[in-house]
Amino acid sequence: MLSDKEQLRDISSIGLKTVIGELPPASSGSALAASVCKKITGRLTSAIAKQEDVSVQLEALDIMADMLCRQGGLLVNFHPSILSCLLPQLTSPRLAVRKRTIIALGHLVMSCGNLVFVDLIEHLLSELSRNDSMSTTRTYIQCIAAISRQAGHRIGEYLEKIIPLVVKFCSVDDDELREYCIQAFESFVRRCPKEVYPHVPTVIGICLKYLTYDPNYNYDDEDEDENAMDADGADEDYQGSDDEYSDDDDMSWKVRRAAAKCLDAVVSTRHEMLPEFYRTVSPALIARFKEREENVKADVFHAYLSLLKQTRPAQSWLCDPDAMEQGETPLTMLQSQVPMVVKALHKQLKEKSVKTRQCCFNMLTELVNVLPGALTQHVPVLIPGIIFSLNDKSSSSNLKIDALSCLYVILCNHQPQVFHPHVQALVPPVVACVGDPFYKITSEALLVTQQLVKVIRPLDQGDSFDASPYINDLFCCTIKRLKAADIDQEVKERAISCMGQIICNLGDSLGPDLPGTLQIFLERLKNEITRLTTVKALTLIAGSPLKIDLRPILGEAVPILASFLRKNQRALKLSTLAAFLTTLARVHPDSLSKISGSILSDAMLDFFQALVATGTASLGYMDLLRMLTGPVYAQSAALTHKQSYYSIAKCVAALTRACPKEGPAVVGQFIQDVKNSRSTDLIRLLALLSLGEVGHHMDLSGQPELKTVILDAFSSASEEVKSAASYALGSISVGNLPEYLPFVLQEISGQPKRQYLLLHSLKEIISSASVAGLKPYVESVWTLLLKHCECTEEGTRNVVAECLGKLTLIDPETLLPRLKGYLLSGSSYARSSVVTAVKFTISDHPQTIDPLLKNCIGDFLKTLEDPDLNVRRVALVTFNSAAHNKPSLIRDLLDTVLPHLYNETKVRKELIREVEMGPFKHTVDDGLDIRKAAFECMYTLLDSCLDRLDIFEFLNHVEDGLKDHYDIKMLTFLMLARLSTLCPSAVLQRLDRLVEPLRATCTTKVKANSVKQEFEKQDELKRSAMRAVVALLTIPEAEKSPLMSEFQSQISSNPELAAIFDSIQRDSSTANMESMDTS
């Protein structure tokens, strides 16, 4: 390589590169790699340092970078000498040498020790502050950016020194230097989120300034006349791409591009600044949609897309009425900027450039997803732009697909009337796309057609719009695709759905075409691939208010549908039942007698009511009842699942509601079943459940022995009969409160043994009865419950707490303050009951109690400092429920709650005790449950309040959890996987500390004489830890961490771990594919 002959040099350097490329990775621990590296390194460093010939130097640098990238860990002893040979090259007269040196240094910092790293950074900082020449300064800034990209977690602590220098150089008048400075900012923002935080406003300021930096071009007033625009248009054609830019020395576009990319990074990583972004960044980006340089424009669009995407995931709490009172939420701010966005995009939609138009469509799609209905006013302006791209000969197929999917999203999220003026213009291009030879375009166009049909004739509103001119076109293009057998699966399914929609909305205008089309549906029903889609389409048609006549195919279709009920595919079963339901009420009942036997697999209440209403012979009330309950009396093996008893009972009640005359006789029969000593437990179970369901809707107080029969069942030997009896008593009471509620209350006071079951009945009453009916009894129930909230039995206390909570919902103004008062109670049992009661007042939909709760939930959460362990645990469970179901209640309390929450994640030595079990000593950790509750809260907060957490503090506790007990490890492994997708850069900074405990878990051996459960637990732990590892590896750059790559090699060299790892990777890749399909 060092010879004078050029050919030899070329061949030998290719040879060396190949050798290094083929060496086993450092992680495999092969001795070969180590010895090869040691042999070459010394000679390479001298070649780099002493070489006069630049081409040899470049090759040597290239090979060195390659080696550091692949085998960096093996060269630890050489790192200092490598560094000392690389640093002088940063000032080499040849730019190519500098560039390759920077690449090599980037690879070096990933694996080098701390001393080498400190040397490098100190050198760069001192050189930067000397600032000898512009050209070396540029190189040093590039080098810092490269180091930050490769090893951001290490450079974080130096940012305080680096950033002021970089800010200073931004103001020097040198475009290249500015570009590098802004690129350095971008890498800091992405790689060191925590340390860069105080500097973000400065960075945004600089980016906004240089986003519009275009000194050599005069953007005249926005409304310049069209001729001038055309003249520009002519210029742009021959400017070509960015490399051969017409003003050769104008590099300002690179500065603008860097600024746009840096803003993109800031917007994507800083959730919590959204309102600020909408005030400053959003208007600036919108104003730059007119950028003349196509590459820069794409990046400006991309930054705005990132802003929209950041606004989207947080919707659940933005739509929350409480959050809305704060005036300017990101969504309302976006709403007010929509006109500006549309005005800016309107011009771009007619651009020649395909890339620009694609960006516009992506932007509109995302905008409508974030703010449904946002474009109502602007449809007239946008539709021509969309049609232009659909008709344009020069459009690429991807552009057409984007235009169609954008149109689809807009059609779905706006009112039909908005589009009526434009139907005439929209139908021809969409029909043309359905006929397109490329299947992806066809499939998108069919979705749009289906949506268009709903727009042309919305069934839910009487409408004056005349659809007749378009029906034929839409029908013809769809039927052509429906008939074709040799097309893509997705096109088949969408053609079926689209035709279903056409018949449903326009069936009365199809005339003679209808029966033939239905015949095609019949064919598709017989095909396994298309049957589910067809069942759904038929359901849609059968439910149409146009009363489409399905008789031509019913004779054949019904038996096919009936056979689906015996299939294993759940989605198919449910859709089929829905189809029966809608067709039933108006189809010949005679086709039904064929299928009655096969239907009883799923509970279909309306189905039975509809059946009885048809009044068919042999399907009267008693016949159906016999079919329903027969299997239970026959003790058939088919009913293995307890849930089916509840379903049958609900069906019985639905039937009885449809035929109230039959009620009393049946109820009498059920009461006899419960009394009869020969009845099996299962018959009793069904009878009690049916009594409960019937009694819920009909007043059964006319049955004198009912109370005694149910109370006797309370002492049955079977737990299931007992709980069915307590459910029945509660449910019957709902049918007649004045008769039964006082009776239940009196029993609770008089029967301490049956208290638990009776309280369950009371819970059923409070949950299901109407508020008005319960109002008069609230006081007496409340006093009774309070007597029991100090019960020592935890199960009973939980039921009492649920009753208290649900009762509070009936009259929150008076009862919530009362609950709060009991927090001062001396009994820890009472305090825990009260805190649990609050959990039952929180639900995921808006309620009247919400504003009251928001004001006082802080007081209930103060119990996180309660001296009693159990009260603290219950407080965490309540907090978890709030964070999960209604985050707005607790978002503002996090600053005070989090320290207490984190405090409960610590292992407490004083709660661990030894219990002697015969000859063995067994340790019991009383603090485990509360730690588990605390980690569960942390997991929930990741989903609902991510933007309010200090992720680094959070990660400290996750790290502790990784070394804790089995249950907690399992939870923290899940958290790691979530965190890898939510905030990868923070996890990357901590990677080395997280890998160690994962590795410890995967390499733990169970003692050979342990019980089977121990082995199973350890396997489960390993699988779970591996899932976390696979998730961590989805973070780009994760595998560059020396510890991680070492762990990976450990996995691949251990057959058991390697097998687990591979199977999880396969699962996760198929899961990704599926999630892409569903999205």
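## Ser268

Ser268 lies in helix α13; helices (H or I, at least four residues) and strands (E, at least two) are DSSP runs, numbered from the N terminus. The model is a predicted one, in which local features need pLDDT of at least 70 and side-chain atom pairs count only at pLDDT 80 or more, while totals for chains, interfaces and linings use all residues. Residues are numbered from 1 along each chain as its sequence is written, and side-chain values use heavy atoms, with hydrogens and water left out.

Ser268 counts as partly exposed because its relative accessibility is 26%. Buried means under 20% relative accessible area, exposed over 50%, and partly exposed in between (1.4 Å probe, protein chains only). Beyond residues up to four places away in sequence, Ser268 touches Arg190, Ser306 and Gln310, where contact means heavy atoms within 4.5 Å. Between Ser268 and Lys309 there are 8.4 Å in space, C-alpha to C-alpha, although they are 41 residues apart in sequence.

## The chain as a whole

The chain has 54 helices and two strands. It holds 1079 residues, of which 51% count as buried. Among contacts between residues at least 6 apart in sequence, 73% join residues at least 24 apart.

## Nonpolar cores

A nonpolar core is a set of buried Ala, Val, Leu, Ile, Met, Phe, Trp, Tyr and Cys residues joined through side-chain atoms within 4.5 Å. The largest one has 190 residues, and Phe188, Phe289 and Tyr304 touch the most other members. Helix α13 (residues 252-269) gives the most to this core, with 10 residues. A second, separate core has 140 residues, including Val744, Ile766, Cys983 and Leu1032.

Tyr304 has contacts with Ser282, Leu285, Ile286, Phe289, Leu334, Gln337, Val341 and Met363, when residues up to four places away in sequence are not counted.

## Thr836

Thr836 belongs to helix α43 (residues 828-839). Is this residue, Thr836, buried or exposed? Thr836 is buried, because its relative accessible area is 11%. Its contacts, leaving aside neighbours within four places in sequence, are Asn798, Ala801, Val874 and Thr878.

## Helix α47 and its partners

Helix α45 (residues 869-885) packs on α47 at about 15 degrees, with the axes 9 Å apart. Axes are lines fitted to C-alpha atoms, for helices over the stretch in contact, and angles run from 0 to 180 degrees between N-to-C directions. α45 and α47 are therefore roughly parallel; angles under 35 degrees count as roughly parallel, over 145 as roughly antiparallel, 65 to 115 as roughly perpendicular and the rest as oblique. In this contact there are 10 nonpolar, four polar and four charged residues. Ala, Val, Leu, Ile, Met, Phe, Trp, Tyr, Cys and Pro count as nonpolar, Asp, Glu, Lys and Arg as charged, and the others, Gly among them, as polar.

The axes of α47 (residues 928-944) and helix α48 (residues 951-961) come within 12 Å and cross at roughly 135 degrees, which means that α47 is oblique to α48. Phe935, Met938 and Leu942 of α47 meet Phe954, His957, Val958 and Gly961 of α48. By class, this contact has five nonpolar, two polar and no charged residues.
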